[in-house]
Amino acid sequence: QLPGASYFGHLYGDEYIVLFPNVVEECSINKICEQLIELSKQKIVIDSYEWYPSIGIGVSRFPEDADSAEDLVKTASIALGRARVNEYSVYSSTFNIETYRRHQLQKSIRTAIRRNELFLEYQPKVNAWSGTIVGAEALIRWQHPDWGRIPPNDFIPLSEESEMHILIADWVLEETCRNINQWILADLPIVPVSINVSPKRLIHGNFAETCQETLQRFGVSPSMLEIEILETDVLFDNSKIQQSLQMLSQMGIKIALDDFGKGYSSISYLQQYPIDTIKIDRQFATTLVQDKKTQSVVRSVLFMAKEFGMDVVAEGVETMGQLHFLRGLECTTIQGYLFSKPLPKADFEQAMRRRQIAATEAMTSPISTRTIDASITIQRLNGQDIHVGRTNIAVSKGTMHSVSFYSPLHLPVHEGIELVLILKQQPIPVRPLQAIELDNGQIEYECQYLDVKQSHFVFEALQSS
Ligand code: C2E
Ligand code: MG
Ligand code: MG
């Protein structure tokens, strides 16, 4: 079962070493570890007794983690200490909260579907003048039991390291069709819904067939489904993707090119392939009002789309100023926070019922300007000691009972987590009580002290800052 050119040895007691001189990629390390852990499912029969071995694996790599045989064993052994039963753990000298989180997510993504942890939100697309809902985009989210809500950009790439992304893509398709079917039965004024499909899913094949089967099963017309694909360099150079797109298009499913202008845009492709809609990347909305060059790019895209008979959606519209500009350029469809954030299913149903959304600019969140630099680390998670490095944060508030800090990091927020805040070299154990996502990408965490006496220290530090 092990890849060629691997060495197996007995270290001592119940510890063994497997050496792979040629394995370098993280995804193949993960695969091997998962295969080894599968061994724990193999029954060992001795006389009338049945045993299942429990396996823990610690991984360390040459030369990143250690540059001598002795240190490799040492670091692998530290990593082994971090692994739970029938799990593996990769050593990293730069094992910080981010890498730890990534690792944890990678391990648990396999069970996300089975445990019902994935769900969809719907972001309305509206008419630029009337605010009438003309469509929606289904966006996937993952509610992780430890790490809370995970945005797609954090786990879709992880899922693409294995076949998992296929299961996820098909889950999104099925869930979307199931919801549309429910809306039809509930007599809601439905609009076409787009789903994001990665080029990798199309390369794998059978996506068009899966769409056809799923649409039929839920009694949904192909005109109610749209596919959004990212323009990437592989997109048009791959015959399998081309075929899939042609088939989808022939079935009556519209194809939208997502994040247009962000990467590899070629006008000849637009004309050659069955693209119905161009979604202008968010970055253009952001600079539209101030930047003359952006204005001419957007103007040209709209002009070209008109010539080709394509629709255009402007993504990421957040302000009235941007909207006025887009109206002036005769861009008819808008998607962005100005009209609506992605909504939970029930809220989107209400929006559909009302049919229209008014534009409202978000209030910029009041960020307190007085903060003190500090760092945090995770101490314990679900009863297990964690050894990860520190990450910088900014402490913003301190009361007698709680302390708040800003960080872009997504941390778990529940009973089972203990953090240590390090403020002026003083370690302060805390537990996060709540997290509020701010518009600027930062998250504000409010934490309770595990030792209330330490509140004075934080209080004074903030006073004197
Ligand atoms: P996308 O397809 O370009 O989706 C739009 C993203 O922009 C969404 O982020 C949305 O919440 C965000 N957005 C919309 N309006 C605004 C705005 O006015 N301001 C700002 N700042 N952001 C806005 P989200 O949901 O985090 O999704 C990120 C990306 O993840 C998506 O980009 C898409 O490429 C990918 N994704 C989402 N769902 C799926 C899925 O089911 N499958 C696959 N393969 N990828 C998905
Ligand atoms: Mg999209
Ligand atoms: Mg986009």
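Student: Are aspartate 258 and aspartate 259 buried or exposed?
Tutor: Both are buried, meaning under 20% relative accessible area, while exposed is over 50% and partly exposed is in between (1.4 Å probe, protein chains only). Keep in mind that this is a predicted model, where local features need pLDDT of at least 70, side-chain atom pairs count only at pLDDT 80 or more, and totals for chains, interfaces and linings use all residues. Residues are numbered from 1 along each chain as its sequence is written, chains are lettered from A and ligands numbered from 1 in the order in which they are written, and side-chain values use heavy atoms, with hydrogens and water left out.

Student: New topic: which peptide bond is cis?
Tutor: The one from phenylalanine 62 to proline 63, with omega near 0°.

Student: And what's the phi of asparagine 86?
Tutor: Near 55°, a positive value in a residue other than glycine. Asparagine 86 counts as partly exposed, at 29% relative accessibility.

Student: What about asparagine 116, buried or exposed?
Tutor: Asparagine 116 is exposed, with a relative accessible area of 67%. Its phi is positive too, about 60°, although asparagine 116 is not a glycine.
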